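Me: I'd like a close look at one part of this protein. Take me through the stretch toward the end of the chain, then show me how other parts are put together.

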Amino acid sequence: MKPRWILAAGAAVFLLAACLLWIALSVSLVWSTLDVSPPTSWIEIPIPVYLARWPLLLLAAIPVLFLIGLIAWHGSQRWIIEFHQIAEASHLLLKAGQSRFNFPAQSQAGKQLLGVLQQLAYQRDEVRADIAEQVAIAGSRLEQERSRLAALMSELSQSVVVCNRDGRIILYNRRARLQFKALSKLSWAHQGTELLGIGRSIFTAFDEQLIQHAVESIERRLRNGADQPHAQFVTHTHGGQLLRVQVAPVLSTEELEGDAHAPRAALSGYVLTLENITQTFESDTLRDRQVLQWLQSARAIAGNILCMAAISPASGQAADLRAQADSLVGLLGDALSEMRHQSPTRWPLEEALASDWLELACHRIGKGSKVQVTVEHPAEPILMRVDSYGLLQVVHSLVQRLNTEYEVRRVRLRISKSSGRVYLDVVWPGLPLSTETVMSWEMDGMRIDEVDLPLSARDVLTRHGGQMWFERDRPRHEGFFRLDLPSTLTSFKGTSSSEVLPARTSGRPEYYDFDLFQMSPQVRALEDQMLSNLVYTVFDTETTGLNPRDGDEIIQIGATRIVNSKILTTEVFDQLVDPRRRIPAQSTSIHGITQEMVEGQPPLERVLPAFHAFAKDSVLVGHNVAFDMKFLEIKSESLGVAFNHPVLDTLLIAAVLYPSQKSNRLDALAERYGLAIQGRHTALGDALVTAELFARFVPQLQSRGIYTLRQAIEASRATYLARLNY
């Protein structure tokens with residue numbers, strides 16, 4: 001027998017003997033107090049005699065109660081707590097998919113129960129393996145198709161981004177990653193993933209109104225019966241790049257209300273095809289300028305020849321020379337006029353039906369406006385080639401100025417065609433405008449909803465090779481702005497929107513079939529969202545010490561993202577930081593970051609805003625995250641970067657799921673789930689294993705009735721660990 005057990009047995013014998021001695025002495029004391037003749041037995045003593053001496057009897061019962069309490073305490077430690085731990089192990093087996101347990105049982109019954117659970121886990125794993133094998137066989141063809149698709153996407157020369165209806169990115173190719181990296185102001189930090197990433201909003205990179213304009217145009221054409229409508233626009237980026245963006249719909253089938261047999265196509269997302277046309281546009285503009293200069297020089301030379309022929313009219317050849325010079329001057333004049341006419345239209349334009357554009361403009365301008373907007377459709381279909389969004393901005397700004405400066409309440413939009421020109425009229429009843437007013441409105445920068453735009457109406461019209469003026473219809477007592485636009489196509493009768501556009505090809509591309517297409521619009525507060533629908537940024541920091549208010553600094557930030565319950569290991573943030581102070585040797589012994597490693601790295605003034613951009617529109621997650629958040633909070637005060645994100649702590653969540661466990665440290669949790677930590681005590685390594693843990697925690701929380709972010713935060717706050725302060 002081990003010495004520890006010998007000591008415990010001796011202590012138990014001694015305690016039992018002491019209790020028996022105490023009981024014997026107490027009984028003797030009670031017996032000695034009896035003032036009657038001793039009875040032959042204790043049974044013969046009347047009950048009132050016992051009751052009169054209850055203090056002495058209670059004194060005798062104290063060791064008995066003590067022994068009972070000791071036995072109960074030992075039983076609770078041996079049985080109740082042990083079975084609580086076994087229950088948590090069973091929950092881990094059921095919800096987290098574990099097959100092995102790290103909870104040692106003390107009792108024989110507990111060991112047997114764990115053995116049975118282990119056997120059940122093995123049997124379940126065998127069933128799962130068999131199902132997985134069958135699924136793998138059945139899905140082999142689909143995987144091949146996906147591989148072909150991935151290869152095709154990677155080889156495309158154009159950037160492709162697929163978004164759901166809310167503008168959340170669900171797919172992009174390698175070319176798009178390179179494109180957005182070039183557009184990013186923080187490409188040194190995270191390769192442009194603050195602009196382009198799974199689950200991120202495309203509106204971070206592009207004007208939301210511009211995208212919505214294109215989407216609404218597509219939806220309007222769908223309602224009019226078009227098979228495969230698309231839209232196109234050109235936009236400037238923050239870096240001065242010029243991008244041509246083509247928008248194509250991702251269609252799903254929905255049933256018409258009240259008619260299950262009449263499905264219709266509905267927009268569930270869209271595909272953006274991006275092309276950088278900056279160099280092409282600049283080279284075309286330069287070529288046009290050079291050709292224009294050459295034509296002007298050639299015309300001047302022809303004029304000189306004509307003058308020289310006029311000076312010497314005697315020769316018979318001079319008459320022929322004058323005729324040839326006249327012909328050359330005429331040809332050069334025509335070419336020069338054509339070049340001046342075509343040069344402004346180098347701006348890429350898109351085709352749009354006049355009726356579709358009028359309906360869209362009526363909806364966009366009239367929405368939330370004090371002006372009643374109506375449309376007058378053309379007598380026959382007219383196909384325009386315009387910058388649809390820019391033209392809409394011109395009309396919108398004119399309508400708002402009419403309302404604010406002349407209190408115009410009703411406006412009518414109409415489009416007509418005459419002699420190869422398209423006329424867009426903005427008509428209103430009331431007083432005429434002066435020529436000076438019209439010119440100033442055309443030359444001034446546009447302003448819509450109190451927002452100043454960088455372009456003027458003249459800039460947009462120049463793109464179209466058009467012009468603008470004011471006219472008055474005296475019989476109707478109306479005035480109107482007329483926007484004169486060139487028409488590149490003739491009218492076509494007997495056609496509709498669906499006939500103008502190309503027919504839809506058979507088959508639906510597989511890369512449209514993603515879970516994020518089913519995401520509901522973000523109309524509720526973030527805290528009321530389902531945990532499985534949120535975007536998370538899981539992060540960790542390494543520091544010079546543990547006291548941020550005493551001068552300790554961040555020296556590394558690592559993070560990854562979780563979108564649609566998937567860890568995006570390709571979209572990470574991993575950056576060393578120059579703390580501008582010495583790193584203590586005891587800190588280096590933990591995380592391995594030396595002074596030489598941080599020298600030349602960007603300071604926190606650059607890294608923290610980059611991390612803030614990486615974590616935009618997400619929930620922050622970390623293990624023992626209160627420590628990391630304290631550093632961010634203190635440093636944000638001086639840098640002007642507010643981390644007002646919702647925050648979840650996997651340490652507190654583990655306390656919610658496993659309240660009976662002695663340790664919920666990161667290493668203990670990783671061992672419990674069988675996770676290997678790559679790069680322990682590095683920021684990115686700890687962030688990745690924390691992300692793996694959190695991905696397993698979410699279904700377990702849901703099984704306990706914790707579905708939303710608000711419920712998860714409230715459950716975390718109720719744990720005893722939440723009382724710790726840093």
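What follows goes through that stretch piece by piece and then turns to other parts.

Me: Which salt bridge does R580 make, and what does the pair tie together?

Reply: A word of caution first: this is a predicted model. R580 lies in the loop between strand 17 (566–576) and helix 16. Its side chain meets that of E605 in a salt bridge, 3.4 Å from N to O. E605 belongs to helix 18, so the pair ties together parts that are 25 residues apart in sequence. R580 is exposed, because its relative accessible area is 60% and the cut-off for exposed is over 50%. E605 has 41%, so E605 counts as partly exposed. The backbone of R580 deserves a look too. R580 has a positive phi of about 60°, although it is not a glycine.

Move on to helix 16, which covers residues 585–591. Q586 is found in this helix. Q586 has 61% relative accessibility, so this residue counts as exposed. Now find T544. Q586 and T544 are 42 residues apart in sequence, yet their C-alpha atoms are 9.1 Å apart in space.

Next comes the loop between helix 18 (604–614) and strand 18 (619–622), where D617 lies. D617 also has a positive phi of about 60° without being a glycine. With 47% relative accessibility, D617 counts as partly exposed.

Strand 18 itself is buried at each position named here. V619 and V621 point one way, L620 and G622 point the other way, and all are buried. Strand 18 has parallel pairings to show. Strand 15 (residues 536–543) joins strand 18 through three bridges, and the two run parallel. In that pairing, V538 stands opposite V621. Strand 19 (residues 647–649) also pairs with strand 18 in the parallel sense, over three bridges. Here G622 stands opposite D649.

E376 has R414 in strand 9 as its bridge partner. E376 also takes part in a network of salt bridges with R412 and E478.

Helix 11 (residues 354–366) is worth a check of its length. Its 13 residues should span 18 Å at 1.5 Å a residue, and its end C-alpha atoms are 18 Å apart, which agrees. Its buried residues are A354, D356, W357, L358, L360, A361, R364 and I365. Just after helix 11, G368 takes a positive phi of about 70°.

Back to salt bridges. The model has 23 of them. One of these joins the side chains of R165 and E219, at 3.1 Å from N to O. The pair links distant parts of the chain: R165 sits in the loop between strand 1 (159–164) and strand 2 (169–172), while E219 sits in helix 8 (residues 208–223), 54 residues apart. R165 has 26% relative accessibility, so R165 counts as partly exposed.

Another salt bridge joins R401 and D444, at 3.7 Å from N to O. R401 is in helix 12 (residues 388–406), and D444 is in the loop between helix 13 (435–443) and strand 11 (445–448). This pair too links distant parts of the chain, 43 residues apart. R401 is partly exposed, with a relative accessible area of 23%. D444 is partly exposed as well, with 36%.

V127, I131 and V135 make a nonpolar patch of about 270 Å². V127 lies in helix 4 (residues 108–138).

Technical notes: Residues are numbered from 1 along each chain as its sequence is written. This is a predicted model: local features need pLDDT of at least 70, side-chain atom pairs count only at pLDDT 80 or more; totals for chains, interfaces and linings use all residues. Side-chain values use heavy atoms; hydrogens and water are left out. Helices (H or I, at least four residues) and strands (E, at least two) are DSSP runs, numbered from the N terminus. Buried means under 20% relative accessible area, exposed over 50%, partly exposed in between (1.4 Å probe, protein chains only). Patches are made of residues with over 30% relative accessible area and no salt bridge: like charges are joined within 9 Å, nonpolar side chains (Val, Leu, Ile, Met, Phe, Trp, Tyr) within 5 Å. Accessible areas come from the Shrake-Rupley method with a 1.4 Å probe; for residues, only the protein chains shown count as cover. A salt bridge is a side-chain nitrogen of Lys or Arg within 4 Å of a carboxyl oxygen of Asp or Glu. The expected span of a helix is 1.5 Å times one less than its number of residues. Two strands pair if DSSP finds at least two bridges between them.
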